[in-house]
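Please read this report beside the sequence and the model.

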Amino acid sequence: MNGTIFDIKEMAVHDGPGIRTTVFFKGCPLGCVWCHNPEGLSIKPQLMYKSKNCTNCGKCRIKCEHPECEPFGRCIHICPENCLSISGREISAKGLAKEIIPTAQILGDGFGGFTFSGGEPLMQSDFLLELINELKNYHLCIETCGFCDSNTFKKVIEKLDFIIMDIKLADNGLHQKYTGVGNGQILENYEILRASGKPYIIRTPLISGITDTKENLDAIQKIIDDSKWEKLPENTMAGAKYNMLGLEFPLKKTKQP
Amino acid sequence: MHTDLYNFIINKQHHAYRHTVDWNLGEEYSQKGLSPIERMADRFERMTNEEKAVIFPNEQIVFLRTVANLPDCFTEKEWEEIKSKYYIHELGYLSNLSPNYYDTIASGLLKMREDADEYSKRSIDNIIKLSDKYLEEAKAQGREDLVEVLTQVPRYGARNFREALQFFRILHYALWLEGNYHNTVGRFDKSIYPYLKADMDKGVYTRESALALLEDFFLSFNKDSDIYVGVQQGDNGQSMMLGGLDENGEYVFNLLTELCLEASCNNKLIDPKINLRVNKNTPKEIFTKATHLTKAGLGFPQYSNDDIVIPALEKLGYEHNDAVNYAVAACWEFIIPSVGADVANIGAMSYSKAVDTVLHSSLLECETYDEFFAKVKQEIGNECDRICDGIKNLWFVPSPFMNVLMGCNVAEGSKYNNFGIHGTGIATAADSLAAIKKYVFEEKTIDKATLLEAIDSNYEKHSEILPILRFEAPKLGNNDDFVDSIATELLDSFSQALQGRTNCRGGIFRAGTGSAMFYLWHANEIGASADGRRAKEPFGTNYSVSLFAKVKGPVSVISSMTKQHFENAINGGPLTLEFHQSVFADEDGIEKVGSLVKRYIELGGHQLQLNTVNTEQLLDAQQHPENYKQLVVRIWGWSAYFVELDKEYQDHVIARQAYTV
C-alpha cells in the first residue's frame with residue numbers, strides 16, 4: 001500500500017544509535033503549538049512557498065498541464081527561483097525501501113539504522129508495518145508522540161528495536177490545551193512500552209513557560225521513574241516553516257500577552 | 001598558552017614594532033650587474049641586518065618580523081625581460097615546497113654550512129647573526145631560558161623539544177624573509193615527536209605543559225602571516241601534515257599528533273593549517289579526536305587517504321619511500337618533502353569550458369550523446385595541449401637559504417620535477433552533460449537550438465527550461481550513476497590527456513581535483529551552462545557538488561564523489577562537506593561525523609575537508625563585521641577570517657549548502 005511522507009533525511013545524528021536515515025511521515029493526530037515541522041501536521045500534500053526569492057513574475061499562475069499542480073492552481077515546475085514545492089508524496093512501502101536502502105549500503109558498518117519520524121508514523125500504521133517488513137534486516141527506530149490505539153501501538157513496537165517516545169505534558173488539561181488532545185492514551189501506551197522490555201527513551205521538548213516548568217518536569221519524572229529521559233532544548237528556528245505554508249506560528253500567538 | 005601574549009598578538013599590538021624599508025634594490029643590483037643568486041644572498045643579508053630582536057614577556061618561541069616589506073630583487077624592466085625569455089610561475093620566487101627542516105634541526109646550521117656553497121654559507125651566517133641579536137636581547141631581559149635555547153640553536157642541533165620548536169621557527173622565518181612563499185611545514189609530528197618523547201620520559205613536561213608550549217609555537221605562525229603574500233589574507237600555505245604511514249608501514253599517531261589537534265582547537269587561529277593522513281585501518285577514536293577539531297570551525301583537519309594517495313604517487317613514478325612520505329603544498333596538492341621540486345599548481349583546466357566550447361561548436365551536428373561526449377573528451381585533450389605547450393623554459397629565482405634545506409639548487413629542480421594541473425568545475429560540467437544527455441538526446445524534450453538560445457541569452461529566452469535544468473535534472477552528489485559516471489569519465493579524460501607528456505624539466509604532468517581560485521575565474525570565462533547555472537554564478541570549490549544542486553545529503557554525496565578513479569588523478573583537491581554547527585552539539589554527534597569520515601576513507605575517497613558553518617551567523621557577520629573579528633571560514637585550501645574577505649568570497653561561503661541534523 002501507499003503512504004505519504006514529506007522528507008527523507010540522510011545522516012540523522014540525533015534520531016537513535018549510529019548514523020541513521022530518517023523518514024518523515026506526513027500527518028499527525030496532535031497539533032502542538034510549538035511544532036517545528038508544520039508540514040507534518042496534515043496528511044494531505046501541501047504547497048510550500050518560499051517568499052524570500054519570489055520576484056512576483058507570475059509564471060506559476062499560468063495554467064499548466066501537470067496533474068500534480070492541479071490541486072494548487074499553481075505550477076510548481078516553472079519557478080526560476082525554486083520558490084514552490086509540494087510537501088508530501090505518496091509512495092509504496094516497497095518503493096520507499098528501495099529508495100532508502102542505498103544509504104545503508106553506502107555506510108556499511110557505519111550505518112545505524114532507519115528511524116521513522118514525522119508527523120506521526122503511527123497515524124499510517126498499516127503502511128508503517130509494511131515498510132518495517134521491507135526493512136527487516138536493519139535496526140529500526142521510531143519517534144512517536146505515542147497517540148494511537150493500544151493494539152496498534154503494541155503491534156508496531158514489537159517489531160522495532162528502539163523507541164523514542166515523547167511525554168510532553170503530564171497534566172491532561174494542559175496537554176489538551178497545547179497539543180489538541182489529552183494524554184490518557186499516551187500514558188497508557190507508555191505503560192505498554194515500559195512493560196514491553198524494548199529499549200526506549202522518553203523525550204520532552206522544553207518549551208519555555210509550557211513544558212519546561214518545574215511542576216511539569218517533576219510530574220513527568222514521577223511518571224517515567226528511572227526511564228532514560230532526554231530533554232530537548234527549544235528550537236529557535238521553530239517558526240520558520242509556517243510562513244511557507246501560509247500558516248501562522250501558533251506559539252507566537254500563545255506567547256503574546 | 002600565555003593568554004596575555006595570545007591577546008597581544010591577535011589584537012595586532014605587535015604591529016607597533018614594524019617598520020618598512022624603501023630600498024630600491026632592483027635598481028641597485030641591476031646597476032652592479034649582480035646575478036640572481038647574488039641578489040638573493042645580498043637581500044637576505046640586508047634584511048637580517050635590518051631586523052631587530054623583539055622578545056615579548058612570557059614569549060617562549062621568539063622571532064618576529066619587524067620589517068614589514070621585502071623590496072624586489074629585480075626592476076620591473078628586468079622582470080619583463082625575464083618573462084620574455086622564461087615561463088614564470090606566479091611571482092617567480094620559490095613556493096609550495098616542503099623543505100627538510102628536520103635534518104637541519106637535528107644537526108644544526110654549522111653542520112649544514114660545511115657542504116654549502118658560498119651563497120648558502122653567507123645566508124647561514126646571516127641568520128645566525130640575527131639569532132645572536134635575539135640571544136643578546138634575551139640576556140638583556142634576563143631570560144635565562146631563552147639564553148640557553150639560543151646558545152644551542154640554530155648553530156647546533158636541537159637537544160630537546162623546546163629547542164626543536166625554536167629552531168623550526170627560525171628556519172621557517174628565514175625562508176619567508178628570503179622571499180620564498182607558501183612555505184609548508186611538512187610531517188611535523190613524525191619528525192618532532194622524538195624530542196618530545198625524550199623530554200616526557202625525563203619528566204621535563206606534563207601533557208599540559210607540553211601543550212601550552214606547542215600552543216605558543218602555533219601562535220608564532222600567526223605573528224607575521226598578514227605580511228605573507230596570497231590571493232586573499234590567509235592564503236599563505238603554512239600547511240602541517242600529521243599522521244600517516246612511515247617507511248616501515250607503521251601508522252604514525254603519537255602524543256604530538258594529539259597535542260597538535262588540541263593546540264589548533266584551543267588557539268582557534270588560521271595557522272598552521274592542519275592536515276591528517278589516515279587510511280582504512282585508522283582507528284575510529286582518531287577520527288573522533290580529529291572531529292573535535294572540525295567542531296572548532298577552522299576547516300581543519302583536511303584528511304587525505306594513504307590507501308589511495310601512496311599507490312597513486314607510485315604509479316606516477318615516485319619511489320615508494322618518497323611516496324609514503326608525502327605531505328601537502330599550500331592547500332592540498334600532494335608533494336614530497338625534501339626531494340620534491342614539483343610545481344603542483346602550475347595550471348588549471350576547466351571542464352566546463354570544454355563542455356561549453358563543444359556545445360557551441362558541435363551540438364547541432366551531433367546525433368548521439370556518445371558522439372557529443374567524444375568531442376568533449378577531445379576538447380579536454382586540446383585544452384591540455386594548450387596548457388602544457390604553454391609551459392616551456394620554467395625559471396625560478398634561486399634561493400640560497402632554501403637550498404640549504406632542500407639540499408640542492410632547487411630553483412633548477414630536484415629529484416621530482418612534475419607539474420600539477422587543477423581540474424575545475426567538474427560538477428558543473430557533469431551536471432551539464434547529464435542534462436544534455438537526458439533532455440536533448442534521450443527524452444528529446446528540449447531541442448538543441450532551444451538549449452543553445454537559452455544558454456546564450458542567459459535563460460532570458462526559453463526561461464521555462466531553466467527550472468527543469470536547474471532543479472529537476474540529475475545532479476552530481478545524489479548517488480545517481482547516470483551523472484556520477486559522467487564525472488568519472490570526465491576525470492578519466494583529463495588524466496588520460498595528461499598521461500605520457502613530458503614537461504620542460506623532464507618531469508610529468510599530474511591531473512588534479514582542485515580548483516584554487518579558478519572556481520570564480522573559470523566560471524566567468526563562460527556564460528550560462530546547461531545545468532541551469534546562470535552566467536557569472538561560480539562553480540563549487542575543488543572536488544565538490546554544484547552550489548545549487550539539490551542533494552539528498554552527505555551520505556549520497558560521499559558515494560557519488562568516491563566512485564571516480566583517483567589513482568590516475570592524484571595532484572590533490574578535496575571533496576568539501578559543510579555541516580551545520582548543531583551536528584556537533586554532543587559527543588554522540590561528533591563520533592558520528594567521525595564515522596562518516598572513516599566511511600569516506602573506506603570507500604576510497606582521496607581527500608576530504610569538512611566545514612562547520614552557521615549561515616545565520618555568517619549573514620549577521622556581513623552586517624556587523626565588528627562583532628566577528630575572529631570568525632574563521634574555509635575558502636579553497638586555506639582558512640581565513642571571514643570579515644577580512646572580499647564580498648564575492650564571503651557570498652560563495654554562504655551559498656554552499658550545509659547539512660543539518
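The sections below begin with the basis of the model and then turn to its details.

## Basis

This is a predicted model, in which local features need pLDDT of at least 70 and side-chain atom pairs count only at pLDDT 80 or more, while totals for chains, interfaces and linings use all residues. Residues are numbered from 1 along each chain as its sequence is written, chains are lettered from A and ligands numbered from 1 in the order in which they are written, and side-chain values use heavy atoms, with hydrogens and water left out.

## The interface of chains A and B

The contact (heavy atoms within 4.5 Å) draws on 23 residues of chain A and 31 residues of chain B. Buried area, meaning the accessible area (1.4 Å probe) that two parts lose on being put together, summed over both, is about 2,200 Å² between chain A and chain B, and carbon and sulfur atoms give 58% of it. Of the area that chain A buries against chain B, 31% is supplied by E10(A), M11(A) and I106(A), more than by any other three residues.

## Salt bridges

A salt bridge is taken here as a side-chain nitrogen of Lys or Arg within 4 Å of a carboxyl oxygen of Asp or Glu. The rule gives 51 salt bridges over all chains, and it finds one across the interface of chain A and chain B. E81(A) pairs with R534(B) in a salt bridge whose closest N and O atoms are 3.4 Å apart.

Within chain B, a salt bridge joins the side chains of E114(B) and K111(B) at 3.2 Å, N to O. Both residues lie in helix 6 (residues 109–114) of chain B, three residues apart, about one turn of the helix; helices are DSSP runs (H or I, at least four residues) and strands likewise (E, at least two), numbered from the N terminus.

## Backbone features in loops

The peptide bond between G118(A) and G119(A) is cis, with omega about 15 degrees, and G119(A) is placed in the loop between strand 6 (111–118) and helix 2 (125–134) of chain A. In chain B, a cis peptide bond leads from V153(B) to P154(B), with omega near 10 degrees, and P154(B) sits in the loop between helix 8 (144–152) and helix 9 (161–178).

K12(B), although not a glycine, has a positive phi of about 60 degrees.
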